[in-house]
Amino acid sequence: MNSDVMTSHWTDRGEQGLRLGTPGNGQCHKFPTTSRREHRVAGQLLDPPAAGQAGRLTELPAELAQLTNLRHLSLTGNRLAELPAELAQLTDIHVQVRSVSGNRLTEREIGQLAALQDDLGPLGNRLVDRLLGSLVAQGQGPSLRRAYVDSLTDAEARYEAKLLLVGDPEAGKSSLIARLRGERFLPGRSATHGIELGWLQLQHPSEPTTITLRTWDFGGQELYQATQQLFMTPQAVYLLVWDARRGDAERVGAWLRRIRLLVGDDARVMIAATRADEHPAEAELDYPALLQHYGTVLAERLYEVDSRSGTGLESLLAALAAEAAKLPQMGEQVSRRWVAARDQLLAHREPQLSYQACKEICAKQGVGADQADALLGLLHLRGQLLHYANDPDLREVVVLQPDWLTRAISYVLEDLPTRQSGGVLAHARLREVWQVYPPSLHPYLLRLMEQFDVSYRLSDADQPSSLVGHLVPHQPPTLPWQLDDPPARGIRELAVRLALSDETPGLMAWLIVRHHRFTTGLHWRRGVFLALADGFASQGLLELAAEGRELALTVRAPEPSYFFFVLLDGVRQLLRERWPGLAYDLLVPCQHRYSGPDQRRCPGRFRRDVLVQLYQSGEPTLRCPECATVQDVARLLTAVAAVRGPEPGGTIELEARLVQALQGGMQQVLQAELAPIADLVGSIDARLDAGLTEIGQTAHFTRALLQRWTIRYETTSGTPRLFTLTPVTKEGLSKAAVWQDRYQLTVWCEHDDKPHPWPSACYQFTRPKDWLVTIAPYAIGVLRLLQLAAKVTLPVTILADVDLKGINDDLEAMSSLLQQLPLPPQPRGPADPGQAVHPVQADGSELRALRALLTELDPRRTFNGMYVVATSSWDVRWVCQDHYPAYNPGPPSIPA
Ligand SMILES: Nc1nc2c(ncn2[C@@H]2O[C@H](COP(=O)(O)OP(=O)(O)O)[C@@H](O)[C@H]2O)c(=O)[nH]1
Ligand SMILES: [Mg+2]
Ligand SMILES: [Zn+2]
Ligand SMILES: [Zn+2]
């Protein structure tokens with residue numbers, strides 16, 4: 001590629017940054033193809049690009065290495081299949097590759113980049129990304145990434161995938177897979193229990209190699225399916241077996257929906273209609289219509305087979321190979337030692353092994369400890385075994401046979417006494433329920449059920465017990481208020497309806513368990529009533545309506561926005577995780593109520609995204625088409641009418657408004673009164689009202705800011721993110737005389753909305769001023785957040801042992817330290833009020849510098865009693881040992 005092409009196709013973003021991509025016409029640049037595999041890739045690259053896609057580069061010019069001023073290089077969305085060798089020679093002083101997602105680089109090439117620098121961002125390979133994302137929480141990300149890249153030295157191309165047989169009982173799944181394997185037909189085969197695993201070898205359609213499929217034959221009834229779906233992973237071939245004789249075409253649609261909900265578009269699905277000799281399927285099934293709906297995953301035609309006679313088996317086998325060959329992992333490079341170790345593990349006769357035993361098996365195959373962890377992580381993500389490396393109570397056990405686990409869970413789901421007690425499982429029952437499992441593993445199984453959000457431990461029961469979300473009563477309990485009741489005086493409401501594209505069996509059970517930290521003990525099969533006590537006095541109701549196709553979320557509080565977004569994020573995260581293929585609209589109900597004794601609510605709804613657009617473009621109101629009243633856009637989105645005056649903008653304005661509200665004396669009011677806020681609001685005072693809004697929004701802001709950082713943090717560092725940094729003063733001298741370049745850093749616990757310093761993790765160190773300048777953009781963001789917390793959240797939530805004066809002194813010192821440094825520019829612009837946060841942009845170098853420091857200060861990264869946890873909305877946080885039990889109750893002890 002010559003430099004003309006370079007300049008015309010590169011979008012310059014200032015002297016130091018480049019975004020590479022061909023704008024406009026979407027023309028592709030060819031690159032030399034050598035092997036057969038590359039030919040295939042090239043074929044895909046030359047497909048006409050979709051409209052609106054900008055990045056189309058298929059190769060990078062070697063001249064890149066000459067741009068010595070280059071600091072940032074973004075390769076997002078291109079179609080790179082190779083990197084010039086020169087790029088790998090650049091050190092990270094020259095180029096920081098911001099992102100290579102969307103490109104088509106192999107793991108090895110990305111690995112070369114990864115070795116250059118480890119804040120690379122998503123690697124573009126979903127599975128490896130997820131692997132690293134989940135493992136990085138332990139602070140091991142970089143080393144595991146390295147282990148993975150290192151393992152590729154003896155790599156070879158592998159052609160392997162999972163083949164999952166799904167369909168109704170008796171459809172003919174087990175008979176079909178037996179025949180595909182070349183076995184003979186067994187009339188009157190007995191029903192499959194649980195999951196049966198096997199192998200199937202197929203000839204690759206275009207390359208001189210075989211494809212190896214691990215077959216999963218799912219048996220059993222509905223009850224098992226809730227747990228079986230944990231193993232329905234993406235990047236697999238699904239064979240949907242359907243008995244044409246029964247002619248129930250609706251079941252085909254139901255299964256297709258379920259598969260797509262669970263795995264999104266990242267799978268291949270084929271339909272095999274059995275008993276073709278007796279009953280032609282073509283007539284029963286409108287295949288063109290199915291293709292229209294499921295074309296992205298569904299094979300082009302229907303396969304009719306008869307397992308008794310063998311009709312159609314040959315063409316099904318060929319088609320299976322063709323579909324499997326389309327999976328993204330075909331031909332991926334995997335270490336031979338890894339393959340050997342994996343085969344040993346999966347062939348083991350025990351259903352589970354200790355982590356140590358697994359590592360020994362790996363070691364025998366030449367896979368060292370580091371690489372064994374990465375291998376186990378990858379096999380876990382591919383659904384081949386289960387190993388929860390991040391959970392201290394689970395990481396000692398590796399489950400090799402999925403059925404061993406699904407059965408254990410189904411024994412609980414089938415337990416009659418548990419059903420009769422509304423889902424309360426007394427741990428004393430577990431000896432009986434799990435009599436076929438060794439008692440030493442019962443605590444592990446119970447923890448696993450918690451990991452899967454099947455159950456949680458009840459803290460206030462008279463004997464040790466857990467609540468099983470799937471078994472709560474059908475009958476709704478009496479609630480403090482119903483969805484349609486008007487809110488009490490002084491109480492505001494924020495509401496949204498999630499209109500779901502499909503049914504989501506088990507959704508409420510999972511919501512009940514996932515949000516158990518907010519439990520009120522009020523739950524039923526179709527709803528749960530939650531509360532956030534503390535300063536916010538918030539109540540939340542999650543309820544299924546419209547035959548399970550709509551989820552209503554309503555929060556009521558003096559200031560509902562904080563709890564509302566906590567719950568909404570939790571719900572959205574759960575939907576993303578469990579049903580990646582699910583689509584939904586967010587609808588905000590009209591707030592008008594008709595006059596009359598029951599104050600009936602107007603049935604009108606507004607799309608939330610449209611409201612956000614109006615809000616951003618400064619449109620204050622809109623008219624409801626149902627009731628024709630004028631509705632306040634800001635009130636619909638935040639429960640607070642628009643603030644007149646300056647546009648709500650960046651953090652500075654928010655902070656200024658907050659300080660104003662506080663100067664009005666609100667802080668004293670709140671500190672003096674221990675009464676719940678709801679009572680205070682009874683004697684409403686305009687200033688107090690404004691102040692409450694600020695508190696909720698600050699708490700929300702704090703959380704959102706932490707979340708933003710989490711996203712960066714997951715790909716960058718495995719250390720806490722909040723800290724106070726103060727200069728260390730020389731003894732004997734006045735406080736103002738700073739002992740040059742010596743600092744003290746105290747790590748903060750990131751518990752919920754009440755962050756606090758963790759004095760056990762307090763370190764002194766020496767670093768040059770340059771270092772301080774490097775981390776300044778991040779440190780300023782931290783400072784701002786902590787200042788807000790110290791002003792508002794901490795006094796309100798009244799943490800008993802927090803030394804507020806000490807905190808304020810530290811923040812003061814940190815502030816004057818940072819004020820000597822140049823301030824980075826603040827990003828501006830309108831935002832979605834749900835995400836109304838503009839965090840200080842941190843571009844990676846400061847986080848790297850910080851992580852390096854923290855790793856040096858505490859090489860084991862335990863920070864004297866801090867733990868990494870995942871919250872209900874699944875972001876990662878560091879919390880102190882005092883708050884850790886709120887996230888992880890520890891290993892259960894099961895009574896004998
Ligand atoms: N005639 C005929 N019988 C079949 C066919 N496939 C399965 N069967 C019978 O249908 C019953 C259920 O089959 P099975 O493979 O156990 O179904 P699964 O529950 O889906 O695994 C058994 O009695 C089989 O012998 C087929 O293609 N033709
Ligand atoms: Mg079967
Ligand atoms: Zn209305
Ligand atoms: Zn804490």
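**Figure 1. Buried residues of helix 14 in the predicted model.** In helix 14, the buried residues are Gln371, Ala372, Asp373, Ala374, Leu375, Leu376, Gly377, Leu378, Leu379, His380 and Leu381. The helix covers residues 369-381, which makes 13 residues. Eleven of these 13 are buried, so helix 14 is largely enclosed by the rest of the structure. From its first C-alpha to its last, helix 14 reaches 19 Å, close to the 18 Å expected at 1.5 Å a residue. Just after helix 14 comes Gly383, with a positive phi of about 70°.

**Figure 2. Helix 20, residues 561-578.** This helix has 18 residues. Its span from first C-alpha to last is 26 Å, close to the 26 Å expected at 1.5 Å a residue.

**Figure 3. The zinc ion (ligand 4) and its four donor atoms.** Cys749 (SG), His756 (NE2), Cys880 (SG) and His883 (ND1) coordinate the zinc ion (ligand 4) at 2.0 to 2.3 Å. The arrangement is tetrahedral because the four donor atoms subtend angles of 99 to 115° around the zinc ion. For comparison, the ideal angle for four tetrahedral donors is 109.5 degrees. Along the chain, the donors of the zinc ion (ligand 4) follow the spacing C-x6-H-x123-C-x2-H. The pair His756 and Cys880 links distant parts of the chain, 124 residues apart. His756 belongs to strand 29 (residues 756-766), and Cys880 to strand 31 (residues 876-880).

**Figure 4. The surroundings of ligand 1.** Ligand 1 is surrounded by 20 residues, and the closest are Glu170, Lys173, Ser175, Arg275 and Ser307. Helix 7 (residues 173-180) gives the most to this shell, with three residues.

**Figure 5. Polar contacts of ligand 1 with Glu170, Lys173 and Glu278.** An oxygen atom of ligand 1 lies 2.8 Å from a backbone N or O atom of Glu170. A polar backbone atom of Lys173 is 2.8 Å from an oxygen atom of ligand 1. At Glu278, a polar side-chain atom lies 2.8 Å from a nitrogen atom of the ligand. Ligand 1 taken alone exposes 580 Å², and the protein buries 91% of that area.

Terms used
Residues numbered from 1 in each chain as written. Chains lettered and ligands numbered in written order. Predicted model: local features only at pLDDT ≥ 70, side-chain atom pairs only at ≥ 80, totals over all residues. Heavy atoms only, no water. Donors = N, O, S within 2.8 Å, 3.2 Å for Na, K, Ca; no water. Tetrahedral: all angles 85-135°; square planar, octahedral: opposite > 155°, others 65-115°. Helix = DSSP H or I, 4+ residues; strand = E, 2+ residues; numbered from the N terminus. Expected span 1.5 Å × (residues − 1). Near = heavy atom within 4 Å. Polar contact = N/O pair within 3.5 Å; in protein donor to acceptor, adjacent residues only side chain to side chain. Areas by Shrake-Rupley, 256 points an atom, 1.4 Å probe, with all protein chains shown as cover. Buried < 20%, exposed > 50% of the residue type's maximum accessible area, 1.4 Å probe, protein only.
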